[in-house]
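Subject: Structure for you to look at, with notes

Dear colleague,

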Amino acid sequence: MNEEEIVVIFQPKNKTIKVPAGTDLIDAAEKANIIIPSPCGRIGKCGKCKVKITNVELPFTLQEEYWLTPDEREQGVHLACQVKVHTPLVVETISEEKATETKILTYDLATDFDIDNHLQKKYVDFQTPTLENQIDDFKNLKTSALGDNNAVDLPLAIFQNLPSFLRKNEFRATVVLENNHILALESSDTSERLFGVAFDLGTTTIVGSLVNMYNGEILAIAARTNPQAKHGADVISRVKYATSEPGGLGKLQSSVVESINEIIDELCEKSSVSFREIYELSLAGNTIMNHLFLGVSPRYIAEAPYIPAFRQSQRFHAEELGITIQPRGSVVTLPNISGYVGGDIVGFILASSIHKADKITLGIDIGTNGEIVLGNKERLLCCSAAAGPAFEGGQISSGMRATEGAIDKVTLGNDQVFYHVIGDTDPKGICGTALVDAVAELLRVGIINETGRIVVEETAKFPDWLQEKIVSAEKKIAFNIADTNRQDRVAVQITQQDIRELQLGKGAIAAGIEIMCKELGISTSDIEEILIAGAFGSYLNKNNARAIGLIPNVPLERVKYVGNAASLGAKKFLLSKRERDEAEKIIRQTEYIELSSRLDFQEVFAEKMFFEKI
Ligand code: FES
């Protein structure tokens with residue numbers, strides 16, 4: 001055995017691996033294919049990566065002392081991101097995240113638009129030179145592909161191989177053109193086969209669609225969890241990693257490129273298309289994702305005045321970025337509006353046509369940042385509200401992402417708490433949608449008041465079954481949602497602190513909406529349509545979202561889920577030159593409001609943290 005390598009055994013799966021001395025235990029787990037949640041990016045700031053070390057006692061770091069109770073420390077519980085492997089370890093995993101199938105969210109928007117593709121394929125019967133017809137090969141190509149009067153340009157490699165290629169193929173071939181530029185020559189008649197891929201590059205999930213470039217038909221869809229997530233759940237932790245870790249930017253870029261290539265492989269396999277037949281990839285991501293994907297430092301987006309390195313759409317050869325489509329194909333990103341309103345929101349606007357709407361429309365995509373668009377064809381505003389991690393289960397005592405074992409729906413009624421667990425298994429924790437449900441229900445029954453406080457002193461007025469759910473331990477007051485089988489958590493609860501975290505998130509989004517309404521000179525009741533995009537939004541109960549004040553108090557018929565609008569935007573961008581021009585128009589037309597520069601923000605935010613009496 002290499003003396004530098006140390007054995008780690010993970011229980012209960014009994015997986016044994018060897019890692020170099022000094023490896024972080026959380027990385028060792030990953031090497032053993034055990035995914036331990038790490039929403040803070042493995043820096044000891046979330047307390048979610050608990051494991052139990054059973055064969056040896058190790059000292060605790062300051063972060064561990066902060067996150068672990070004395071009881072847990074007594075039992076040998078540690079934070080996996082805080083332990084360096086220097087001695088053989090036997091580790092019991094407590095909070096493994098199952099690599100469940102990434103859910104693919106489709107969209108619910110009109111998909112008809114004119115395909116106006118700038119790529120084309122032509123099957124050409126070239127002239128066969130003879131003693132009488134002394135046409136040279138280059139002229140032969142140019143005349144046959146583009147006619148006499150057009151200038152043509154082509155890659156050097158095609159130019160150099162042209163004589164042998166034409167003869168080998170008996171002067172018949174398919175020419176692939178991008179305007180007057182010859183991208184490739186393909187043997188035989190492949191003129192019917194021209195493909196592209198449209199990507200939604202999300203902070204959490206990456207979704208790719210393989211598209212027929214002639215008719216827009218989607219041939220396959222595939223998704224992966226964004227591998228950058230292990231370096232932080234939100235964009236700010238990724239910026240930190242990219243700018244403070246040696247080689248961090250390169251690691252983030254290559255991991256996302258690798259994931260995109262895996263998705264392309266899967267798409268090709270599912271639809272019997274070769275990667276060489278894919279000539280274009282469009283990508284809609286938030287501004288920071290776009291920077292990381294292109295390997296550009298996002299450092300200055302994270303510092304005032306929050307300036308991105310680029311806003312316009314960028315186009316590069318696939319091979320320069322290591323993307324495995326046709327090497328001479330292109331990768332093109334949707335443009336960004338600002339440092340915190342990116343190509344995914346441009347895709348959302350493009351897909352939903354808010355910028356052409358007569359009705360005053362509010363578009364929201366809720367994540368750790370809530371991106372908000374408000375207006376119509378006359379005037380369109382956007383902003384980004386720092387909602388924090390609560391909606392994704394972060395900073396919530398029993399919080400987790402919406403993966404297997406997460407409670408995603410809660411209702412109170414008939415003398416009990418009803419809940420639904422993703423994967424229909426035992427509950428392990430609660431995700432953002434259920435947190436919204438639970439708080440709305442607690443408000444409705446009066447267990448929490450308008451300030452968000454659990455009214456312990458009024459417990460006696462509630463029926464017994466509700467009273468029993470209100471518990472207090474170690475000076476913490478909580479409402480029990482469900483019991484669990486976990487070692488580190490006996491019950492899934494909503495604590496007073498969790499309610500505060502939710503109030504911060506919903507307060508930020510509601511304040512963003514209010515300020516944009518002020519700017520437009522309307523009140524929230526004038527909003528004629530609300531479009532909710534994104535994964536979190538699609539599973540959100542709109543009645544409860546309205547009850548806690550996350551969305552404005554308008555009739556629910558005005559509220560519509562639109563699903564993965566960014567994917568549809570990326571597809572439109574891929575297939576139509578007009579839509580690309582439209583996207584550039586959107587970034588010129590949309591006015592960005594930087595909330596932190598608004599003097600009224602703090603006041604509105606404080607006001608919006610409160611709940612309205614239901
Ligand atoms: S505390 Fe370990 S990943 Fe957050």
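Are Glu-72 and Lys-50 buried or exposed? Before the answer, please keep in mind that this is a predicted model. In it, Glu-72 is buried, and Lys-50 is buried as well. The two residues form a salt bridge with each other, in which the closest N and O atoms are 3.0 Å apart. Because Glu-72 belongs to helix 3 (residues 70-74) and Lys-50 to strand 4 (residues 50-53), this pair ties together parts that are 22 residues apart in sequence.

Other salt bridges

The count of salt bridges comes to 29, and I describe some others here. Asp-358 forms a salt bridge with Lys-377, with the closest N and O atoms 2.5 Å apart. This pair links distant parts of the chain, since Asp-358 sits in the loop between helix 10 (343-352) and strand 17 (361-366), while Lys-377 sits in the loop between strand 18 (369-375) and strand 19 (380-386), 19 residues apart. With a relative accessibility of 58%, Asp-358 counts as exposed, whereas Lys-377, at 43%, counts as partly exposed.

Lys-608 and Glu-514 also meet through their side chains in a salt bridge, at 3.3 Å from N to O. Here the linked parts of the chain are again distant, with Lys-608 in helix 18 (residues 601-608) and Glu-514 in helix 13 (residues 496-520), 94 residues apart. Lys-608 is partly exposed, its relative accessible area being 22%, and Glu-514 counts as partly exposed at 22% relative accessibility. There is also a network, in which salt bridges that share partners join Arg-379, Lys-518, Glu-519, Glu-591, Arg-598 and Asp-600.

Three strands form an open sheet in the order 21-20-22, with mixed pairing. Strand 21 (416-421) and strand 22 (429-430) are the edge strands, each of them pairing on one side only. Strand 20 (residues 406-413) pairs with strand 21 in the antiparallel sense over six bridges, and Gly-413 stands opposite Gln-416 of strand 21.

Helix 11 lies across strand 20 and strand 22, and runs at about 15 degrees to strand 20. Just after helix 11, Gly-446 takes a positive phi of about 90 degrees.

A hairpin

Strand 12 (residues 205-212) and strand 13 (residues 218-225) pair in the antiparallel sense over seven bridges, and Val-211 has Ile-218 of strand 13 as its bridge partner. The two strands form a hairpin with five residues between them, and in the turn Gly-216 has a positive phi of about 80 degrees.

Which residues is Asn-290 in contact with, leaving aside its neighbours within four places in sequence? They are Leu-283, Gly-285, Phe-310, Thr-333, Leu-334, Asn-336 and Gly-343. Asn-290 itself is found in helix 8 (residues 287-294), and its relative accessible area of 0%, against a cut-off of under 20%, is why Asn-290 counts as buried.

Asn-14 is found in the loop between strand 1 (5-11) and strand 2 (15-20). The C-alpha atoms of Asn-14 and Lys-139 are separated by 68 Å, the two residues being 125 residues apart along the chain.

How values were computed. Residues numbered from 1 in each chain as written. Predicted model: local features only at pLDDT ≥ 70, side-chain atom pairs only at ≥ 80, totals over all residues. Heavy atoms only, no water. Helix = DSSP H or I, 4+ residues; strand = E, 2+ residues; numbered from the N terminus. Pairing = 2+ DSSP bridges. Salt bridge = Lys/Arg side-chain N within 4 Å of Asp/Glu carboxyl O. Buried < 20%, exposed > 50% of the residue type's maximum accessible area, 1.4 Å probe, protein only. Contact = heavy atoms within 4.5 Å. Axes fitted to C-alpha atoms, helices over the stretch in contact; angles between N-to-C directions.
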